[in-house]
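User: I am new to this structure and would like to go through it in short questions and answers. Please show it before we start.

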Amino acid sequence: MEFKQYLPVSREEMVERGWYYYDFLVVTADAYVDHPSFGTTIIARLLESEGYRVALLAQPKWKDTGDFLAMGKPRYGVFIGGGNIDSMVAHYTAAKKRRSEDSYSPGGRIGLRPDRPTIVYANLSRQAFPDTPIIIGGLEASLRRYAHYDYWDNKVRRGILFDAPADLLTYGMGERATCEIARRLAKGEKVETIRNVRGTAFVTKDKDACAYKDAVECPSFESVCADKMEYAIATRLEYEEHDPIRGHALLQRHGKEYLVVNPPQMPLTTAELDRVAELPYMREVHPMYDALGGVAAIEEVRFSVTHNRGCFGGCNFCSLAFHQGRMITCRSQESVIREVEAFTHDPKFKGYVHDVGGPTANFRHTSCEKQKKYGMCKDRNCLSPTPCKNIDADHSDYLQLLRRLRAIPGVKKVFIRSGIRYDYMLEDKKGEFFTELVKYHISGQLKVAPEHCVDGVLDYMGKPHFDVFEKFWA
Ligand code: SF4
(Lines give C-alpha, C1' and ligand atoms only; values in the text may rest on other atoms or scores of the structure.)
Protein backbone atom coordinates (compact mmCIF):
# COMPACT_ATOMS: atom_id res chain seq x y z
CA MET A 1 0.00 0.00 0.00
CA GLU A 2 1.23 3.47 -0.91
CA PHE A 3 2.50 5.42 2.11
CA LYS A 4 1.27 8.99 2.08
CA GLN A 5 2.24 11.86 4.32
CA TYR A 6 1.95 15.63 4.44
CA LEU A 7 4.82 17.72 3.20
CA PRO A 8 7.03 18.94 6.04
CA VAL A 9 5.96 22.27 7.51
CA SER A 10 8.63 22.61 10.22
CA ARG A 11 12.28 21.92 10.93
CA GLU A 12 11.25 19.07 13.26
CA GLU A 13 9.30 17.33 10.50
CA MET A 14 12.24 17.66 8.16
CA VAL A 15 14.55 16.13 10.75
CA GLU A 16 12.05 13.29 11.29
CA ARG A 17 12.45 12.47 7.62
CA GLY A 18 16.22 12.56 8.02
CA TRP A 19 16.53 15.75 5.98
CA TYR A 20 19.34 18.07 6.88
CA TYR A 21 18.89 20.05 3.71
CA TYR A 22 16.02 20.56 1.31
CA ASP A 23 15.61 21.78 -2.25
CA PHE A 24 12.60 24.06 -2.59
CA LEU A 25 10.51 26.13 -0.24
CA VAL A 26 6.92 26.54 -1.41
CA VAL A 27 5.13 29.46 0.24
CA THR A 28 1.38 29.93 0.15
CA ALA A 29 -1.02 32.56 1.44
CA ASP A 30 -3.69 29.92 2.05
CA ALA A 31 -3.70 27.42 4.88
CA TYR A 32 -2.04 24.13 3.92
CA VAL A 33 -4.76 21.94 2.48
CA ASP A 34 -3.29 18.90 0.77
CA HIS A 35 -5.81 18.66 -2.03
CA PRO A 36 -5.59 19.09 -5.82
CA SER A 37 -7.97 22.05 -5.73
CA PHE A 38 -5.21 24.12 -4.16
CA GLY A 39 -2.76 25.43 -6.75
CA THR A 40 0.23 25.77 -4.47
CA THR A 41 -0.28 22.24 -3.18
CA ILE A 42 -0.23 20.96 -6.77
CA ILE A 43 3.07 22.75 -7.41
CA ALA A 44 4.59 21.43 -4.19
CA ARG A 45 3.47 17.84 -4.84
CA LEU A 46 4.62 18.05 -8.43
CA LEU A 47 8.10 19.14 -7.37
CA GLU A 48 8.13 16.32 -4.83
CA SER A 49 7.16 13.85 -7.54
CA GLU A 50 10.13 15.04 -9.61
CA GLY A 51 12.39 13.88 -6.80
CA TYR A 52 13.04 17.14 -4.95
CA ARG A 53 12.81 17.73 -1.24
CA VAL A 54 10.04 20.24 -0.74
CA ALA A 55 9.00 22.08 2.42
CA LEU A 56 5.76 23.98 2.70
CA LEU A 57 5.33 27.32 4.42
CA ALA A 58 1.67 28.29 4.74
CA GLN A 59 0.53 31.73 5.86
CA PRO A 60 3.85 32.84 7.37
CA LYS A 61 3.91 35.86 9.66
CA TRP A 62 5.05 38.84 7.66
CA LYS A 63 6.37 41.30 10.21
CA ASP A 64 9.84 39.79 9.93
CA THR A 65 11.69 36.95 8.19
CA GLY A 66 11.48 34.53 11.15
CA ASP A 67 9.03 32.08 9.57
CA PHE A 68 10.91 32.14 6.27
CA LEU A 69 14.17 31.24 7.99
CA ALA A 70 12.66 28.63 10.31
CA MET A 71 13.34 25.65 8.03
CA GLY A 72 16.69 26.91 6.80
CA LYS A 73 17.72 27.94 3.32
CA PRO A 74 16.47 25.85 0.39
CA ARG A 75 19.19 24.60 -1.96
CA TYR A 76 17.59 25.69 -5.22
CA GLY A 77 14.77 28.16 -4.83
CA VAL A 78 11.57 29.56 -3.37
CA PHE A 79 8.21 29.26 -5.15
CA ILE A 80 5.53 31.67 -3.93
CA GLY A 81 1.77 31.52 -4.52
CA GLY A 82 -0.68 34.19 -3.39
CA GLY A 83 -3.50 31.70 -2.71
CA ASN A 84 -6.45 30.27 -4.61
CA ILE A 85 -8.22 33.63 -4.69
CA ASP A 86 -6.68 37.02 -5.34
CA SER A 87 -5.92 38.35 -1.87
CA MET A 88 -7.85 41.58 -2.37
CA VAL A 89 -10.98 39.66 -3.34
CA ALA A 90 -10.43 37.36 -0.38
CA HIS A 91 -10.11 40.32 1.99
CA TYR A 92 -12.61 42.88 0.72
CA THR A 93 -16.15 43.00 -0.61
CA ALA A 94 -16.94 44.79 -3.87
CA ALA A 95 -17.92 47.75 -1.67
CA LYS A 96 -14.33 47.70 -0.32
CA LYS A 97 -15.46 46.63 3.15
CA ARG A 98 -13.26 44.19 5.05
CA ARG A 99 -14.71 40.67 4.95
CA SER A 100 -15.35 39.01 8.29
CA GLU A 101 -14.34 35.48 7.23
CA ASP A 102 -11.63 33.85 5.19
CA SER A 103 -12.61 30.33 4.22
CA TYR A 104 -9.02 29.55 3.17
CA SER A 105 -7.70 30.22 6.68
CA PRO A 106 -8.06 28.06 9.79
CA GLY A 107 -11.28 28.69 11.66
CA GLY A 108 -12.26 31.23 8.97
CA ARG A 109 -9.98 33.74 10.70
CA ILE A 110 -9.23 36.93 8.89
CA GLY A 111 -5.80 38.56 9.12
CA LEU A 112 -3.60 35.50 8.65
CA ARG A 113 -2.18 36.86 5.42
CA PRO A 114 -1.34 40.34 4.24
CA ASP A 115 -2.98 42.20 1.39
CA ARG A 116 -1.04 41.37 -1.81
CA PRO A 117 0.89 38.47 -0.21
CA THR A 118 2.82 37.66 -3.38
CA ILE A 119 4.59 41.01 -3.07
CA VAL A 120 5.03 40.81 0.69
CA TYR A 121 6.35 37.23 0.68
CA ALA A 122 8.71 37.88 -2.23
CA ASN A 123 10.23 40.82 -0.35
CA LEU A 124 10.64 38.76 2.81
CA SER A 125 12.11 35.83 0.89
CA ARG A 126 14.60 38.18 -0.73
CA GLN A 127 15.62 39.50 2.71
CA ALA A 128 15.84 35.99 4.15
CA PHE A 129 17.67 34.40 1.21
CA PRO A 130 19.37 37.17 -0.79
CA ASP A 131 21.03 34.84 -3.31
CA THR A 132 18.30 32.23 -3.72
CA PRO A 133 16.14 32.23 -6.88
CA ILE A 134 12.58 33.37 -6.20
CA ILE A 135 9.71 32.43 -8.49
CA ILE A 136 6.20 33.79 -8.07
CA GLY A 137 3.14 32.13 -9.56
CA GLY A 138 -0.51 31.35 -8.97
CA LEU A 139 -3.58 33.41 -9.70
CA GLU A 140 -2.47 36.69 -8.16
CA ALA A 141 0.86 36.78 -10.01
CA SER A 142 -0.63 35.47 -13.24
CA LEU A 143 -3.47 37.98 -13.54
CA ARG A 144 -1.29 40.87 -12.45
CA ARG A 145 1.61 40.10 -14.76
CA TYR A 146 1.15 43.19 -16.95
CA ALA A 147 0.40 46.78 -15.94
CA HIS A 148 -3.21 46.49 -14.83
CA TYR A 149 -6.09 48.48 -13.43
CA ASP A 150 -6.50 47.74 -9.74
CA TYR A 151 -9.99 48.31 -8.43
CA TRP A 152 -8.86 48.56 -4.81
CA ASP A 153 -6.31 51.32 -5.47
CA ASN A 154 -8.43 52.77 -8.29
CA LYS A 155 -5.34 53.23 -10.41
CA VAL A 156 -3.16 51.35 -12.87
CA ARG A 157 -0.50 49.38 -11.07
CA ARG A 158 2.80 48.19 -12.51
CA GLY A 159 3.24 44.57 -13.49
CA ILE A 160 3.62 42.66 -10.22
CA LEU A 161 7.29 41.85 -10.85
CA PHE A 162 8.11 45.53 -10.32
CA ASP A 163 6.80 45.29 -6.74
CA ALA A 164 7.68 41.67 -5.95
CA PRO A 165 11.46 41.21 -6.22
CA ALA A 166 11.28 37.77 -7.85
CA ASP A 167 13.54 36.44 -10.58
CA LEU A 168 10.75 34.82 -12.56
CA LEU A 169 6.99 34.77 -12.70
CA THR A 170 5.05 31.75 -13.94
CA TYR A 171 1.64 32.51 -15.36
CA GLY A 172 -1.31 30.38 -16.39
CA MET A 173 -1.14 26.70 -15.52
CA GLY A 174 2.34 26.52 -14.05
CA GLU A 175 3.22 22.84 -13.96
CA ARG A 176 5.42 22.62 -17.05
CA ALA A 177 7.23 25.87 -16.41
CA THR A 178 7.80 24.92 -12.77
CA CYS A 179 9.32 21.56 -13.69
CA GLU A 180 11.63 23.10 -16.27
CA ILE A 181 12.77 25.90 -13.95
CA ALA A 182 13.37 23.41 -11.12
CA ARG A 183 15.33 21.06 -13.37
CA ARG A 184 17.56 23.83 -14.66
CA LEU A 185 18.18 25.31 -11.21
CA ALA A 186 19.01 21.88 -9.82
CA LYS A 187 21.54 21.40 -12.62
CA GLY A 188 23.29 24.55 -11.48
CA GLU A 189 22.06 27.00 -14.09
CA LYS A 190 21.87 30.61 -12.91
CA VAL A 191 18.33 31.91 -12.71
CA GLU A 192 19.36 34.98 -14.73
CA THR A 193 19.92 32.77 -17.76
CA ILE A 194 16.53 31.06 -17.57
CA ARG A 195 14.93 33.33 -20.11
CA ASN A 196 13.26 31.07 -22.65
CA VAL A 197 10.69 29.10 -20.67
CA ARG A 198 7.19 29.43 -22.06
CA GLY A 199 4.61 30.61 -19.55
CA THR A 200 7.11 32.76 -17.63
CA ALA A 201 7.90 36.46 -17.34
CA PHE A 202 10.85 38.47 -16.08
CA VAL A 203 12.14 42.04 -15.89
CA THR A 204 15.21 43.24 -17.76
CA LYS A 205 16.93 46.47 -18.71
CA ASP A 206 17.80 45.03 -22.11
CA LYS A 207 14.87 44.09 -24.29
CA ASP A 208 17.16 41.93 -26.41
CA ALA A 209 17.24 39.56 -23.43
CA CYS A 210 13.92 38.25 -24.74
CA ALA A 211 14.59 34.82 -26.25
CA TYR A 212 11.69 35.16 -28.71
CA LYS A 213 12.85 37.37 -31.53
CA ASP A 214 9.36 37.91 -32.95
CA ALA A 215 8.19 39.49 -29.68
CA VAL A 216 5.54 42.19 -29.87
CA GLU A 217 5.78 45.40 -27.86
CA CYS A 218 2.61 46.67 -26.24
CA PRO A 219 2.01 50.19 -24.87
CA SER A 220 4.19 51.02 -21.88
CA PHE A 221 3.10 51.33 -18.28
CA GLU A 222 3.38 55.11 -18.57
CA SER A 223 1.18 55.24 -21.67
CA VAL A 224 -1.52 52.95 -20.29
CA CYS A 225 -1.65 55.12 -17.16
CA ALA A 226 -2.02 58.27 -19.23
CA ASP A 227 -4.43 57.17 -21.95
CA LYS A 228 -7.39 54.78 -21.77
CA MET A 229 -7.13 53.97 -25.48
CA GLU A 230 -3.53 52.86 -24.95
CA TYR A 231 -4.75 50.74 -22.04
CA ALA A 232 -7.33 49.14 -24.33
CA ILE A 233 -4.72 48.47 -27.03
CA ALA A 234 -2.40 46.85 -24.48
CA THR A 235 -5.21 44.69 -23.07
CA ARG A 236 -6.26 43.56 -26.51
CA LEU A 237 -2.69 42.55 -27.38
CA GLU A 238 -2.28 40.72 -24.07
CA TYR A 239 -5.43 38.70 -24.73
CA GLU A 240 -4.68 38.05 -28.40
CA GLU A 241 -1.18 36.77 -27.72
CA HIS A 242 -2.31 34.52 -24.89
CA ASP A 243 -2.47 31.56 -27.23
CA PRO A 244 -0.12 28.59 -26.96
CA ILE A 245 0.00 27.97 -30.71
CA ARG A 246 0.14 31.34 -32.38
CA GLY A 247 0.94 33.64 -29.42
CA HIS A 248 4.08 35.78 -29.33
CA ALA A 249 6.17 37.03 -26.45
CA LEU A 250 5.09 40.48 -25.32
CA LEU A 251 7.26 43.32 -24.07
CA GLN A 252 5.99 46.17 -21.94
CA ARG A 253 8.27 49.02 -20.95
CA HIS A 254 8.04 50.26 -17.37
CA GLY A 255 10.33 53.32 -17.06
CA LYS A 256 13.83 52.21 -18.01
CA GLU A 257 13.06 48.51 -17.70
CA TYR A 258 11.11 45.98 -19.73
CA LEU A 259 8.66 43.35 -18.65
CA VAL A 260 9.14 40.33 -20.90
CA VAL A 261 6.25 37.88 -21.01
CA ASN A 262 7.17 34.75 -22.94
CA PRO A 263 4.49 32.97 -25.01
CA PRO A 264 2.15 30.69 -23.05
CA GLN A 265 2.82 27.02 -22.40
CA MET A 266 0.78 24.42 -24.26
CA PRO A 267 -2.00 23.10 -22.01
CA LEU A 268 -1.18 19.83 -20.27
CA THR A 269 -2.11 16.72 -22.20
CA THR A 270 -4.68 14.29 -20.84
CA ALA A 271 -1.93 12.02 -19.52
CA GLU A 272 -0.19 14.96 -17.83
CA LEU A 273 -3.43 16.20 -16.28
CA ASP A 274 -4.14 12.71 -14.98
CA ARG A 275 -0.73 12.57 -13.40
CA VAL A 276 -1.13 15.96 -11.71
CA ALA A 277 -4.60 15.06 -10.42
CA GLU A 278 -3.40 11.77 -9.02
CA LEU A 279 -0.29 12.83 -7.11
CA PRO A 280 -0.33 11.45 -3.57
CA TYR A 281 -2.48 14.15 -1.97
CA MET A 282 -3.77 13.53 1.53
CA ARG A 283 -7.02 15.24 0.39
CA GLU A 284 -7.29 16.78 3.82
CA VAL A 285 -6.53 19.89 5.80
CA HIS A 286 -3.18 19.65 7.63
CA PRO A 287 -3.81 18.42 11.20
CA MET A 288 -2.02 21.48 12.64
CA TYR A 289 -5.33 23.30 12.05
CA ASP A 290 -7.58 20.81 13.87
CA ALA A 291 -7.59 22.75 17.12
CA LEU A 292 -8.22 25.98 15.23
CA GLY A 293 -11.42 24.74 13.62
CA GLY A 294 -10.14 23.28 10.36
CA VAL A 295 -10.28 25.06 6.99
CA ALA A 296 -13.74 25.55 5.51
CA ALA A 297 -12.57 25.69 1.89
CA ILE A 298 -12.04 21.90 1.84
CA GLU A 299 -15.75 21.22 2.29
CA GLU A 300 -16.72 22.54 -1.15
CA VAL A 301 -14.14 20.38 -2.89
CA ARG A 302 -13.65 17.32 -0.72
CA PHE A 303 -15.92 15.17 -2.86
CA SER A 304 -15.75 17.16 -6.09
CA VAL A 305 -13.73 16.36 -9.17
CA THR A 306 -12.19 18.72 -11.70
CA HIS A 307 -12.28 17.04 -15.09
CA ASN A 308 -11.21 19.90 -17.40
CA ARG A 309 -9.19 23.07 -17.73
CA GLY A 310 -9.62 26.15 -19.89
CA CYS A 311 -12.73 27.89 -21.18
CA PHE A 312 -13.56 28.83 -24.77
CA GLY A 313 -16.52 30.92 -23.61
CA GLY A 314 -14.18 33.90 -23.65
CA CYS A 315 -16.64 36.30 -21.94
CA ASN A 316 -15.21 39.82 -22.05
CA PHE A 317 -15.58 40.42 -18.30
CA CYS A 318 -13.98 37.16 -17.20
CA SER A 319 -10.30 36.63 -16.46
CA LEU A 320 -10.36 32.86 -16.68
CA ALA A 321 -9.23 32.65 -20.28
CA PHE A 322 -6.35 34.99 -19.43
CA HIS A 323 -5.18 32.50 -16.80
CA GLN A 324 -6.14 28.97 -17.91
CA GLY A 325 -6.48 29.79 -21.60
CA ARG A 326 -9.30 29.16 -24.08
CA MET A 327 -8.10 25.75 -25.22
CA ILE A 328 -9.81 22.92 -23.35
CA THR A 329 -7.95 19.89 -22.13
CA CYS A 330 -9.40 17.22 -19.93
CA ARG A 331 -8.57 14.26 -17.77
CA SER A 332 -9.28 10.76 -18.97
CA GLN A 333 -12.51 9.11 -17.86
CA GLU A 334 -10.43 6.44 -16.13
CA SER A 335 -8.56 8.99 -14.03
CA VAL A 336 -11.78 10.72 -12.90
CA ILE A 337 -13.32 7.35 -12.11
CA ARG A 338 -10.30 6.33 -10.03
CA GLU A 339 -10.61 9.56 -8.04
CA VAL A 340 -14.31 9.07 -7.35
CA GLU A 341 -13.85 5.38 -6.61
CA ALA A 342 -11.30 6.38 -3.96
CA PHE A 343 -13.90 8.73 -2.37
CA THR A 344 -16.15 5.80 -1.70
CA HIS A 345 -13.64 4.44 0.84
CA ASP A 346 -13.53 7.71 2.75
CA PRO A 347 -15.56 7.40 5.99
CA LYS A 348 -16.87 10.95 5.45
CA PHE A 349 -18.32 10.11 2.03
CA LYS A 350 -22.09 9.73 2.13
CA GLY A 351 -22.56 8.75 -1.49
CA TYR A 352 -22.79 12.23 -3.01
CA VAL A 353 -20.27 13.48 -5.57
CA HIS A 354 -20.72 17.22 -5.25
CA ASP A 355 -19.38 18.27 -8.62
CA VAL A 356 -17.82 16.91 -11.79
CA GLY A 357 -16.81 20.19 -13.27
CA GLY A 358 -14.23 22.82 -13.97
CA PRO A 359 -14.28 26.38 -15.29
CA THR A 360 -17.28 25.36 -17.41
CA ALA A 361 -18.63 21.95 -16.53
CA ASN A 362 -19.80 20.81 -19.96
CA PHE A 363 -16.63 21.59 -21.94
CA ARG A 364 -14.83 18.32 -22.45
CA HIS A 365 -12.88 18.90 -25.64
CA THR A 366 -11.59 21.74 -27.79
CA SER A 367 -14.31 23.83 -29.41
CA CYS A 368 -13.10 22.84 -32.90
CA GLU A 369 -10.38 20.85 -34.65
CA LYS A 370 -8.93 23.83 -36.51
CA GLN A 371 -7.54 25.47 -33.38
CA LYS A 372 -5.24 22.50 -32.73
CA LYS A 373 -3.21 23.60 -35.74
CA TYR A 374 -3.80 27.35 -35.94
CA GLY A 375 -4.67 28.34 -32.37
CA MET A 376 -7.84 30.04 -31.18
CA CYS A 377 -9.35 32.65 -33.47
CA LYS A 378 -8.11 36.14 -32.72
CA ASP A 379 -11.09 37.96 -34.03
CA ARG A 380 -14.11 36.04 -32.81
CA ASN A 381 -15.53 34.11 -29.89
CA CYS A 382 -16.58 30.49 -30.24
CA LEU A 383 -20.07 31.07 -28.80
CA SER A 384 -21.03 34.70 -29.11
CA PRO A 385 -22.82 36.57 -30.45
CA THR A 386 -23.83 33.33 -32.19
CA PRO A 387 -22.08 29.94 -32.11
CA CYS A 388 -19.30 29.53 -34.65
CA LYS A 389 -20.16 27.18 -37.51
CA ASN A 390 -17.04 25.12 -36.70
CA ILE A 391 -18.06 24.39 -33.13
CA ASP A 392 -18.08 20.79 -31.99
CA ALA A 393 -20.85 20.55 -29.38
CA ASP A 394 -20.87 16.79 -28.97
CA HIS A 395 -21.45 15.99 -25.26
CA SER A 396 -21.16 12.22 -25.55
CA ASP A 397 -17.82 11.89 -23.77
CA TYR A 398 -19.05 13.90 -20.77
CA LEU A 399 -22.32 11.98 -20.81
CA GLN A 400 -20.48 8.68 -20.79
CA LEU A 401 -18.23 9.83 -17.96
CA LEU A 402 -21.25 10.80 -15.86
CA ARG A 403 -22.95 7.48 -16.58
CA ARG A 404 -19.85 5.58 -15.50
CA LEU A 405 -19.57 7.64 -12.32
CA ARG A 406 -23.20 6.98 -11.42
CA ALA A 407 -22.55 3.26 -11.71
CA ILE A 408 -19.71 3.19 -9.16
CA PRO A 409 -20.77 1.13 -6.11
CA GLY A 410 -21.35 3.45 -3.14
CA VAL A 411 -22.20 6.48 -5.28
CA LYS A 412 -25.79 7.61 -4.78
CA LYS A 413 -25.77 10.87 -6.72
CA VAL A 414 -23.39 12.68 -9.05
CA PHE A 415 -24.06 16.41 -9.15
CA ILE A 416 -22.86 19.13 -11.48
CA ARG A 417 -22.46 22.32 -9.51
CA SER A 418 -19.96 24.13 -11.73
CA GLY A 419 -21.69 26.39 -14.23
CA ILE A 420 -22.70 24.96 -17.58
CA ARG A 421 -22.88 26.83 -20.90
CA TYR A 422 -26.48 26.28 -21.91
CA ASP A 423 -25.89 27.95 -25.29
CA TYR A 424 -23.25 25.31 -26.04
CA MET A 425 -25.49 22.55 -24.76
CA LEU A 426 -28.29 23.68 -27.09
CA GLU A 427 -25.90 23.26 -30.00
CA ASP A 428 -25.80 19.52 -29.30
CA LYS A 429 -28.82 18.52 -31.30
CA LYS A 430 -29.02 15.04 -29.76
CA GLY A 431 -30.40 16.53 -26.55
CA GLU A 432 -29.43 13.45 -24.51
CA PHE A 433 -27.13 15.37 -22.24
CA PHE A 434 -29.83 17.86 -21.27
CA THR A 435 -32.25 15.04 -20.45
CA GLU A 436 -29.76 13.28 -18.17
CA LEU A 437 -28.55 16.54 -16.66
CA VAL A 438 -32.08 17.32 -15.50
CA LYS A 439 -32.82 13.77 -14.46
CA TYR A 440 -29.68 12.94 -12.49
CA HIS A 441 -27.26 15.80 -11.94
CA ILE A 442 -28.98 18.84 -10.47
CA SER A 443 -28.65 19.22 -6.71
CA GLY A 444 -31.54 21.61 -6.25
CA GLN A 445 -30.30 24.41 -8.50
CA LEU A 446 -28.66 24.41 -11.89
CA LYS A 447 -26.14 27.21 -12.33
CA VAL A 448 -26.34 29.12 -15.57
CA ALA A 449 -25.33 32.71 -16.22
CA PRO A 450 -27.34 34.65 -18.80
CA GLU A 451 -25.77 37.74 -17.12
CA HIS A 452 -28.16 40.29 -18.64
CA CYS A 453 -31.33 40.61 -20.70
CA VAL A 454 -30.42 43.50 -23.01
CA ASP A 455 -28.77 42.38 -26.22
CA GLY A 456 -26.62 45.49 -26.56
CA VAL A 457 -25.17 44.90 -23.11
CA LEU A 458 -24.72 41.19 -23.81
CA ASP A 459 -22.75 42.09 -26.94
CA TYR A 460 -20.32 44.10 -24.82
CA MET A 461 -20.06 41.19 -22.41
CA GLY A 462 -19.40 38.68 -25.16
CA LYS A 463 -22.47 36.64 -24.21
CA PRO A 464 -25.23 35.22 -26.44
CA HIS A 465 -28.43 37.21 -26.85
CA PHE A 466 -31.27 36.72 -24.40
CA ASP A 467 -33.43 34.72 -26.82
CA VAL A 468 -30.96 31.84 -26.37
CA PHE A 469 -31.67 31.81 -22.65
CA GLU A 470 -35.40 31.96 -23.35
CA LYS A 471 -35.06 28.98 -25.67
CA PHE A 472 -33.22 27.07 -22.94
CA TRP A 473 -35.83 28.06 -20.39
CA ALA A 474 -38.74 26.97 -22.58
S1 SF4 B 1 -13.03 28.41 -35.53
FE2 SF4 B 1 -14.80 28.86 -34.28
S3 SF4 B 1 -14.83 27.25 -32.72
FE4 SF4 B 1 -12.78 27.28 -33.63
S5 SF4 B 1 -11.58 28.66 -32.32
FE6 SF4 B 1 -12.40 29.90 -33.98
S7 SF4 B 1 -14.31 30.74 -33.15
FE8 SF4 B 1 -13.74 29.00 -31.85
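Analyst: What follows is a set of questions and answers on the domains, helix packing, ligand shell and backbone of this predicted model.

User: Into which domains is the chain divided, and how many Å separate their centres?

Analyst: The domain assignment gives domain 1, residues 11-261, and domain 2, residues 303-473. Taken over C-alpha atoms, the distance between the centres of domain 1 and domain 2 is 29 Å.

User: How many residues of domain 1 are in contact with domain 2, and which element gives the largest share of that side?

Analyst: On the side of domain 1, 13 residues are in contact with twelve residues of domain 2. Two or more residues of that side of domain 1 come from each of α6 (138-143) and α9 (228-240). The side of domain 1 divides into six nonpolar, four polar and three charged residues. Its largest share, three residues, is given by α6.

User: Which residues of α7 meet α2, and what is the hand of the crossing?

Analyst: From α2, the residues involved are Ile43, Leu46 and Leu47. The contact of α2 with α7 divides into five nonpolar residues, one polar and one charged. On the α7 side the residues are Glu175, Thr178, Cys179 and Ala182. The crossing of α2 and α7 is right-handed.

User: How do α13 and α15 lie relative to each other?

Analyst: Helix α13 (residues 333-343) packs against α15 at an angle of about 30°, and their axes are 10 Å apart. Angles under 35 degrees count as roughly parallel, so α13 and α15 are roughly parallel.

User: Which residues of α15 make the contact with α13?

Analyst: The crossing of α13 and α15 is right-handed. On the α13 side, the contact is made by Gln333, Val336, Ile337 and Val340. The residues of this contact divide into five nonpolar, two polar and one charged. The α15 side consists of Gln400, Leu401, Arg404 and Leu405.

User: What is the hand of the crossing of α15 and α17?

Analyst: Helix α15 (residues 396-406) and helix α17 (residues 432-440) pack at about 30° with axes 10 Å apart. That angle makes α15 roughly parallel to α17. The crossing of α15 and α17 is left-handed.

User: Which residues of α17 touch α15, and how many residues of the contact are charged?

Analyst: Tyr398, Leu399, Leu402 and Arg406 of α15 meet Glu432, Phe433, Glu436 and Tyr440 of α17. The contact of α15 with α17 has five nonpolar residues and no polar ones, and the number of charged residues is three.

User: Which residues surround the ligand, and how many of the shell are nonpolar?

Analyst: The ligand is surrounded by Ser367, Cys368, Lys370, Gln371, Met376, Cys377, Arg380, Cys382, Cys388, Asn390 and Ile391. Three residues of this shell are polar and two are charged, while the nonpolar residues number six.

User: Where is the cis peptide bond, and in which loop is Pro385?

Analyst: Most peptide bonds are trans. Ser384 and Pro385 are joined by a cis peptide bond, with omega about 0°. Pro385 is in the loop between α14 (371-374) and α15.

User: What is the phi of Gln59, and where is this residue found?

Analyst: Most residues other than glycine have a negative phi. Gln59 is not a glycine, yet has a positive phi of about 45°. The place of Gln59 is the loop between β3 (54-58) and α3 (66-69).

Conventions:
Residues are numbered from 1 along each chain as its sequence is written. This is a predicted model: local features need pLDDT of at least 70, side-chain atom pairs count only at pLDDT 80 or more; totals for chains, interfaces and linings use all residues. A residue is near a molecule or strand if its C-beta atom, placed from the backbone, lies within 6 Å of it. Ala, Val, Leu, Ile, Met, Phe, Trp, Tyr, Cys and Pro count as nonpolar, Asp, Glu, Lys and Arg as charged, and the others, Gly among them, as polar. Axes are lines fitted to C-alpha atoms, for helices over the stretch in contact, and angles run from 0 to 180 degrees between N-to-C directions. Helices (H or I, at least four residues) and strands (E, at least two) are DSSP runs, numbered from the N terminus. Angles under 35 degrees count as roughly parallel, over 145 as roughly antiparallel, 65 to 115 as roughly perpendicular and the rest as oblique. A crossing is left-handed if the near helix is turned anticlockwise from the far one by less than a right angle, and right-handed if clockwise. Two residues are in contact if their C-beta atoms, placed from the backbone, lie within 7 Å. Domain bounds come from an automatic or database domain assignment.
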